[in-house]
Amino acid sequence: MTRSGEPAITTSIRRLDLPVQAERLQQLGTDFATLKNAISNLTAHPGSELLEQLTPKITQTHRLIGRTLERLAELGTSQYTAVPGSSASLAVLSSVVESASMAAASLASAIAANPLDTADEADHKARRSSAGPRQAGLLTEAARLVDLSVTGCHYVADGILRNLRAHPEHMPLLPRLTGAQYTALEKIGQGGTRVFRSLRGGRETVRAGDGSTIYAKPFAVLAETRLIRVPPRGTSLVLDVTVTAAGQLVLDMHKPARTPTSAPPKTMPPATAAAGHRR
């Protein structure tokens, strides 16, 4: 009970796989980037065609907002809140919701300004003439706001891993690798690793970016422990392989100590600035 006599509100702490959450945020940022490019490629030609183009973009924006809210709700009620530095990341994730919502509003305003066909031809021409520049500005603003969402998602994804590295006491249990497995993971982390599948028999060969072969047994262990990301086989004969967030943590935490050479992490503007408020 609180002092006022009202029952206290308790929130259960979720135990999340934080590297997986970082992965999901990276994917969310990629999907926001795809939306941003689609909006940037639109041309403000007032009329029915623009309405048809904007309708799916607004729908997609709201879906991405919903996914961002899911990530915010899960992280905000999880063990991540006990990790020093998490509050800054959660504030940025909140600003992603704001900037994406403002982008959706800009797209909606472009629809509101869109003149559809009317019986009064003179009035229609006048409205089209004035609507074009306004709609072009609204589309540009929407793309800018979605781009802020891209930056925010990737910042929070990187922030989760950065916080865990800085405070190993909150680090999830990571697989222990043999020397051969670690060497394979390190090669994949350098980029350019691909799986080549033969047309006959489905035989696979894994080549690192430097052209060397990564053997099947260590590669299989890395895939089973989800330290690497291998696309579904499907019909593709060449598959790009990348390191997951968990795999990157293994590389960072299990590697022999070395002097940091990376630049300090970029800072994000406050939530209101990140959403692009203008005075």
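**Reading the features**

Author: Threonine 244 is buried, with a relative accessible area of 9%. Buried means under 20% relative accessible area, exposed over 50%, and partly exposed in between, with a 1.4 Å probe and protein chains only. This is a predicted model, in which local features need pLDDT of at least 70 and side-chain atom pairs count only at pLDDT 80 or more, while totals for chains, interfaces and linings use all residues. Residues are numbered from 1 along each chain as its sequence is written, and side-chain values use heavy atoms, with hydrogens and water left out.

Reader: Where is threonine 244 placed, and which residues does threonine 244 touch?

Author: Helices (H or I, at least four residues) and strands (E, at least two) are DSSP runs, numbered from the N terminus. Threonine 244 lies in the loop between strand 6 (242-243) and helix 7 (245-254). Contact means heavy atoms within 4.5 Å. Not counting residues up to four places away in sequence, threonine 244 touches Glu23, Arg226, Leu227, Ile228 and Arg229.

Reader: Is leucine 174 buried or exposed, and which residues does leucine 174 touch?

Author: Leucine 174 is buried, its relative accessible area being 12%. Leucine 174 is found in the loop between helix 4 (121-166) and helix 5 (179-189). With residues up to four places away in sequence not counted, leucine 174 touches Ala246, Leu249, Val250 and His254. The C-alpha atoms of leucine 174 and histidine 254 are separated by 9.5 Å, and the two residues are 80 apart along the chain.

Reader: At what angle do helix 2 and helix 3 pack?

Author: Axes are lines fitted to C-alpha atoms, for helices over the stretch in contact, and angles run from 0 to 180 degrees between N-to-C directions. Angles under 35 degrees count as roughly parallel, over 145 as roughly antiparallel, 65 to 115 as roughly perpendicular and the rest as oblique. Helix 2 (residues 48-76) and helix 3 (residues 86-112) pack at an angle of about 165 degrees, with their axes 9 Å apart. Helix 2 and helix 3 are therefore roughly antiparallel to each other. By class, their contact has 17 nonpolar, six polar and two charged residues. Here Ala, Val, Leu, Ile, Met, Phe, Trp, Tyr, Cys and Pro count as nonpolar, Asp, Glu, Lys and Arg as charged, and the others, Gly among them, as polar.

Reader: How does helix 1 cross helix 2?

Author: The axes of helix 1 (residues 18-40) and helix 2 come within 11 Å and cross at roughly 160 degrees. That makes helix 1 roughly antiparallel to helix 2. The residues of this contact divide into eight nonpolar, five polar and six charged.

Reader: How do helix 5 and helix 6 pack?

Author: Helix 5 and helix 6 (residues 216-224) have axes 9 Å apart and pack at an angle of about 75 degrees. That makes helix 5 roughly perpendicular to helix 6. Their contact is made by Ala180, Gln181, Ala184, Leu185 and Ile188 of helix 5, together with Pro218, Phe219, Val221 and Leu222 of helix 6. By class these residues are eight nonpolar, one polar and no charged.

Reader: How many helices and strands does the protein chain have?

Author: The secondary structure comes to eight helices and six strands. Buried residues make up 38% of the 279 residues in the protein chain.
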